[in-house]
Amino acid sequence: MNAYVTGLAPAEPFFAPFRRAESYARTHAFDRPTLILDVDQVAEQFRALSRGLGHAAIHYAVKANPARPVVSRLVAEGSRFDAASRGEIELCLSLGARPEHISFGNTVKKTGDIAFAHSAGVTLFAADAEEELEKIAAHAPGAEVYIRLIVSKSEADWPLSRKFGVQPRAAMPLLRRARELGLRPAGFSFHVGSQTRRAAMWRPTLDEFAPLWAEAREEGFALDLLNIGGGFPAFYGEAIDAPEAYAREVMDLVEARFPGAERIMAEPGRGLVAEAGVIAAEVVLVSRKSPDDIHRWVYLDIGRFSGLAETEGEAIRYQIATPHDGLASGPCVLAGPSCDSADVLYEKRPMDLPLALKAGDKVVIRCCGAYTTSYSSVGFNGFPPLDLVCI
């Protein structure tokens, strides 16, 4: 299967962006699960998305992978940053990011962290509640704010529609309250959902919010900022649009619906770093629960609590390369090593892996640059957290 619907097809036997990281994984020995991250590939992805996004500013979602070499390289490339905490703001500033290029995008912020960000020169804050606006007004007076909206029409593999944002009907009162508090209500933000594989899938969300944008401007709010969030996809086995073409089509859809949005922010995280990383791992055990069990159980030395948290709900389907690829294969349940019964990666949709797979085999898990090291726990059950090598 081609990874991209448009653009260049992947190279065989593995998808081209993995080439350098996977080659490194295959030619080096690791005594523990290790993410190999190709920082040059991150930069190449940034440039491709930048070409497609045109005048929109990329604010890298630091939570996807806060490795210092990644953030430093993106600073050099001209990226801006979406930070969710004081720690992420401090990281970006320490590596040369300008404070006015950092958005404090978490809508749930401690007052002390708001005050710190304001004192450091951060001027742009997200909110989705009246109390949050009051906190910002008290500790970052005069700041620019944007209101995060709940997306109800997501076509993403992993919708994000509960924890953050407000219903559109609640947005106008928040704009009015922000103005009363002396803040500058600059615009709206939303997130179409993680892993929105085709640019056309953005259309329902954009159609939903365009009338609200028009209503706010008609009421006299000088909105000029639209934060379109993340959702930019990575390859997990199902075809996706190539990054430059994807970003260009998204921008065409946005600009047709939001007149006056002179400042457009995009917050790719997964879409920037996922395809730049692979995890070197090892098979610990292959077993069957009964002689007539049609599914083998394959246990790896990495699981949900040591880097693969995104297998929750089996929404993210990592691709696995083994020494026996090309030989006869069959379905298996894939699980991690810990003594926790929840540490099962894929069971509802079993993985198809070679029948020759056995304990001690080294495997490579592809497209792991995002939300792996940053989700890895500190030694749960005595298993080491995911290690990192940047190349």
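The paragraphs below describe helix packing, the nonpolar cores and several individual residues in this predicted model.

We can begin with the helices. The axes of helix 2, which spans residues 39-53, and helix 9, which spans residues 243-257, approach within 7 Å and cross at roughly 30°. Because angles under 35 degrees count as roughly parallel, helix 2 and helix 9 are described as roughly parallel to each other. The crossing of helix 2 past helix 9 is right-handed. On the helix 2 side, the contact is formed by Gln45, Ala48, Leu49, Arg51, Gly52 and Leu53, and helix 9 contributes Pro243, Glu244, Ala247, Arg248 and Met251. Sorted by class, this contact of helix 2 with helix 9 holds six nonpolar, two polar and three charged residues.

A second pair is helix 5 (residues 111-120) and helix 6 (residues 130-139), whose axes come within 9 Å and cross at roughly 45°. Helix 5 and helix 6 are therefore oblique to each other. Their crossing, too, is right-handed. Here Thr111, Ile114, Ala115 and His118 of helix 5 meet Glu132, Lys135, Ile136 and His139 of helix 6. The contact of helix 5 with helix 6 is made up of three nonpolar, three polar and two charged residues.

Helix 7 (residues 171-180) and helix 8 (residues 203-218) form a further pair, packing at an angle of about 35° with their axes 11 Å apart. Helix 7 passes helix 8 in a right-handed crossing. Ala171, Met172 and Leu175 from helix 7 meet Leu212, Glu215 and Ala216 from helix 8. By class, the contact of helix 7 with helix 8 comprises five nonpolar residues, no polar ones and one charged.

The interior comes next. In soluble globular proteins, nonpolar side chains tend to be buried together. In this model, the largest nonpolar core has 102 residues, and Phe125, Phe188, Trp202, Ile228 and Ile365 are those with the most contacts inside it. Setting aside neighbours within four places in sequence, Phe125 is in contact with Phe104, Lys109, Ile114, Ala117, His118, Ile136, Ala140, Ala143, Glu144, Val145 and Tyr146. Another core, of seven residues, lies apart from the largest one and includes Ala21, Ala25, Ile36 and Ala321.

Val145, one of the contacts of Phe125, sits in strand 6, which covers residues 144-148. With a relative accessible area of 0%, Val145 is buried. Beyond residues up to four places away in sequence, Val145 touches Phe125, Leu133, Ile136, Ala178, Leu183, Arg184, Pro185, Ala186 and Gly187. The C-alpha atom of Val145 is separated by 37 Å from that of Val278, 133 residues apart along the chain.

Gly230 is located in the loop between strand 8 (225-227) and helix 9. A relative accessible area of 3% makes Gly230 buried. Apart from residues up to four places away in sequence, Gly230 touches His191, Val192, Trp202 and Glu267. Trp202 is among the residues with the most contacts inside the largest nonpolar core. The C-alpha atoms of Gly230 and Ile58 are separated by 9.9 Å, although these residues are 172 residues apart along the chain.

Cys339 is exposed, with a relative accessible area of 75%. Between Cys339 and Phe380, 41 residues apart along the chain, the C-alpha separation is 9.8 Å.

Finally, backbone geometry draws attention to two loop residues. Most residues other than glycine have a negative phi. Glu314, though not a glycine, has a positive phi of about 60°. Glu314 lies in the loop between strand 11 (296-300) and strand 12 (320-321). Because buried means under 20% relative accessible area, Glu314 counts as buried at 10%. Tyr371 is also not a glycine and has a positive phi of about 55°. Its place is in the loop between strand 15 (362-365) and strand 16 (387-390). Tyr371 is buried, with a relative accessible area of 10%.

Methods: Residues numbered from 1 in each chain as written. Predicted model: local features only at pLDDT ≥ 70, side-chain atom pairs only at ≥ 80, totals over all residues. Heavy atoms only, no water. Axes fitted to C-alpha atoms, helices over the stretch in contact; angles between N-to-C directions. Helix = DSSP H or I, 4+ residues; strand = E, 2+ residues; numbered from the N terminus. Parallel < 35°, antiparallel > 145°, perpendicular 65-115°, else oblique. Left-handed = near helix turned anticlockwise from the far one by under 90°. Contact = heavy atoms within 4.5 Å. Nonpolar A, V, L, I, M, F, W, Y, C, P; charged D, E, K, R; others polar. Core = buried A, V, L, I, M, F, W, Y, C linked by side-chain atoms within 4.5 Å. Buried < 20%, exposed > 50% of the residue type's maximum accessible area, 1.4 Å probe, protein only.
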